[in-house]
Amino acid sequence: MPSRVLGLSAHYHDAAACLMQEGRLTAAAHEERFTRRKSDAELPLRALNYCLQEGGITAPDLDAAVFYEKPFLKFARVLIGHLRSFPRSYPSFRRALPRWLQDRLSLPLTLKSELGFSGRTYFVKHHLAHAAAAFLPSGFTEAAILTADAVGEWATLTRGRGSGSRIRVESEMCFPDSLGLLYTAVTTFLGFAAQEGEGTVMGLAAYGKPAYLDRFRAIAAARPDGSFALDQSYFDFYGEERMYTPRFVEAFGRPYAPKAEMDQRACDIAASLQALTEEILLALARDLRQRTKLDDLCLGGGVFLNCVANQRILEESGFKRIFVQPAAGDAGGAMGAAAFVSHCLWGLPRGGPLSPYLGPAFPASRCRRALAAAGLTFRELPEEKLCRETAKMLTEGLVVGWVQGRMEVGPRALGNRTILGDPRNPQMKRFLNDRVKHREEFRPFAPAVLAEEAADYFELDSPSPFMLLAPRVRPQKRAAIPAVTHEDGTARVQTVAEAENPRFYRLIKAFRELTGVPMVVNTSFNRRGEPIVCTPEDAVAVFKATAMDALVVGEFVARREEHA
Amino acid sequence: MLEKLKAFNRRVAAAVQAVLLPAGLFSAYYLGLGLTWIMVRLLKPSVLRGPRPPDGTFWREARDYEPDEADCLRQS
Amino acid sequence: MSGPRLCSRCVLPHSPPEIALDGEGVCNLCREHERRPPADPRGALLESDFVKILEAHRGKHEFDCLVMCSGGKDSTAALYYAVRRYKLKVLAFTFDHGFETEDAMANVRRAVERLDVPFLTYRSTFMHDMFARIIKTGAPAVICHVCAIWYMRLTYQMAARFDAPLIIAGWTKGQMTQQPVLTKCACNAAGPEYARMGRATAEFLAGLEGDPKYGDFPRSIESVVAQAAKKHKCLVLSPHWFLPYEVEEYVALIQKELGWQYPRLSYPAQTTNCALNFLSVHWALKHYGYTHYHVEMSKLIREGLLTRAEALAALRADFDPELLQRVARQLGCAVQDQEAA
């Protein structure tokens, strides 16, 4: 019976690979972590190699490979899109066509030549992959499913339901009516990079008022069931330089240059966009709840990395529980495609709760060598002492890089490739933004909190293990944790249960024992514009290039003052 | 000697590609896509607009989302 | 270790003009490495590159590959991977010039038994006279280098005779050539670290012209490769060049799966080299102040695959004089012969 399938996503952004064996996800990783190129979209050879090695097999041992979209359908949409915007789409056509003809339509041949794999290659529709990624590992026996992203082949939004190992996508919305593309267009208008800056815009929204909401509502023309159609006179998705037209500029003012100062207008535009996004998603979720009468909802696709919107859906849509894939974007598409093949095609039973720790881990010898090769002075400590000493460093106001175990999959660091700080310290946010992450001062930081004590600090009564919810911080606690309370009084929380990440849990517990506060600042271990670190060597390089005070890699601790 | 010849061939191929590729893309776009655009505008303009969903909603019925194995082996 | 001044980063000694320490005690090779732009992660060899080569040859010959087995950890792991991981049709091959240790041979025997692969041993004292000549004449030629020429020629001959298109060795990344993987089979003998050793060995071999026994002995590894290529197309690869595993990981694997054991006595520490190696190392240290093991480990240090402390510990050479004499006697010599020459 076939049981080993390699899932992959590539060519657009966020290339990734995963391996499922006997219905269980054994490995998954983003290609960018290996190549050190942010949002690397090339065929994920390094991630593929890692997944096979983690699974103890080679490519000829695979029963199948699966791709997260239907390339020919997507190519047809690309051509028709260029046709519809003829003749101004020539610059985009000139860029796109060679890439398509090079290798995007011949994946089976590419897998044979690059991996030595000549077995079956499956292709799963993009939003079906997102739906599978959201539903199949959710643990729900039956649930409603909503997916939303920029665009797959044609679909930009789908709704349906899952039951057992069956997924039924009932309706879809199609390009160019796309919430993801709308958000990205405005992101670029505000001077941030597409596919990277959307989270920044979400953070910026807390500083503004929805003064432009009516203008956005007029552009989106949403219906009560949440469906909408974008007024295309405001957008140019085939433009060479910009995704928006002069009409958009007329409505919203001069666009912002990259790295421009964010004034009140920018904050208000961000707030208005966020408000519209929440309105539409809430309407979609409520309508779906009405239609399906189901209690559980699964969310997939890059739009659901918007944790503020997710929180509103949890609180206001009528669904009792929601599940959001930790790799909700296209990397999750690879996982979803593999899950679809394993469970829906091959009938393998669905497994237990999804762990995001699916990337590579490194043995102690490698960690030690990385630190020694960098000329750092370091000590080896047993785990109990390690957690206590790290917690103590945090209470002293130090910023600590923390690399443990298997790397997370998804855009968030969840305790294994993390920079830690003291959430009680009001200066921590500025220090981290200025001296470590080198990013805008308005960017918030997020807490990782002991699961059983999260409700004491946050208006949250369900787990949030993947940092994809943004509950309000309880008013009486805000003063205690200023570093992780955002401008609007919310926090993007990760709840940490001991069974999910024992060492990270013990670290936070040690911090609680010293301070009474059961959480730490958890931000991803990377510099601006770079992927999250993967190897001990990556971590050492970032440590040396920033103002972090200490580095903990496995059981080894290096402090900057000791090295100096 | 062989290495030098290979390097020379690579440069020639790159130069030819640098000329042929833009010319090919230009033709494909303005002739291929352009003629198609004209014909579609005359004969079936709805292709340029896209399908209109039913009144009251922009949702469309989703198709081909329950593929079997044979469907999944296809790239379309 | 006492003796010449060592680079503060790697383990090569001050040995001008090829290896020179600067004011900070860092050698020119480490400085050159430092000046190189960081390696593009996309340029690193991947396991899939290795698998592609294997698949291109699988099932087309009597054997898919011949695996060189010394009983050491690296070649034993290579054998394990070839059989269990890549499921190749393997012919295991061990050569013994009369100085292989019982520990090494026991490791090989256990491995081939547990993996159940065909196994070929070739034992010959053909090279003894050459080794003895090096000692008696006091030539600064490196015994291990001429031995390498011998065993590579032998290995190519076996691959041709048993129709194997691939030779799999257990060479580490420190033994990896800078040239394209497929065209060379050993260290980059053109590197400055080997300049004097290479010249000395080449001079010694040139002196064998017209010798009745060794007259047509190859003068270099390159000529071995060139001659072999005329008779039988064969690639030489090591899985360690393509796999990301630390040595501790695969040692644990072969200990568990194949009952592999560290030898009681070997140089460097925790390797499995023959008894003659002690004598070769003794003389290389006397003539040059370092050995090819220092070169290999220095490369691993620069790549971050080994710490300097680990290398120094492994390379400590305080041999028992009686051991050296015992080995020399097997060649009909005495250690003093080199010193007297």
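# A tour of the predicted model, starting at chain C

Of the 341 residues of chain C, 42% count as buried. Keep in mind throughout that this is a predicted model.

**Stop 1: chain C as a whole.** You will find 14 helices and five strands in chain C. Its radius of gyration is 20 Å, close to the 20 Å that the globule rule gives for 341 residues, so chain C is as compact as a globular protein of that length. Along the principal axes, the C-alpha atoms of chain C fill a box of roughly 55 × 50 × 40 Å. Among the contacts in chain C with a separation of 6 or more, 75% are between residues 24 or more positions apart.

**Stop 2: confidence in chain C.** Colour chain C by pLDDT. The mean is 89, and 93% of the residues of chain C reach 70 or more. Now select residues 178-187 of chain C, where pLDDT stays under 50. The model has 16 contacts beyond four places in sequence for this stretch. Where pLDDT is low, the predicted coordinates should not be read in detail. For the complex, the predictor gives an ipTM of 0.88 and a pTM of 0.92.

**Stop 3: which chains touch.** Show chains A, B and C together. Two pairs of chains touch, and the pair with the most contacts is A and B. Chains B and C do not touch, and their nearest C-alpha atoms are 13 Å apart.

**Stop 4: where chain A meets chain C.** This contact takes 22 residues from chain A and 18 residues from chain C. On the chain A side, select α1, α2 (45-54), α5 (107-115) and α14 (364-373), the elements that give two or more residues each. Which of them gives the most? It is α14(A), with six residues. By class, the side of chain A that touches chain C has ten nonpolar, six polar and six charged residues.

**Stop 5: the domains of chain A.** Colour chain A by domain: domain 1 (4-137 + 328-345), domain 2 (174-324) and domain 3 (364-563). The centres of domain 1 and domain 3 of chain A, taken over C-alpha atoms, are separated by 32 Å. Their contact takes nine residues from domain 1 of chain A and nine residues from domain 3 of chain A. On the domain 1 side, select β3 (24-30) and α1 (32-35) of chain A, each of which supplies at least two residues. The most comes from α1(A), with three residues. The residues on this side of domain 1 of chain A divide into four nonpolar, one polar and four charged.

How values were computed:
Residues numbered from 1 in each chain as written. Chains lettered and ligands numbered in written order. Predicted model: local features only at pLDDT ≥ 70, side-chain atom pairs only at ≥ 80, totals over all residues. Domains from an automatic or database assignment. Contact = placed C-beta atoms within 7 Å. Helix = DSSP H or I, 4+ residues; strand = E, 2+ residues; numbered from the N terminus. Nonpolar A, V, L, I, M, F, W, Y, C, P; charged D, E, K, R; others polar. pLDDT = per-residue confidence, 0-100. Rg over C-alpha atoms; globule rule 2.2 N^0.38 Å. Buried ≥ 20, exposed ≤ 12 C-beta atoms within 10 Å, placed from the backbone.
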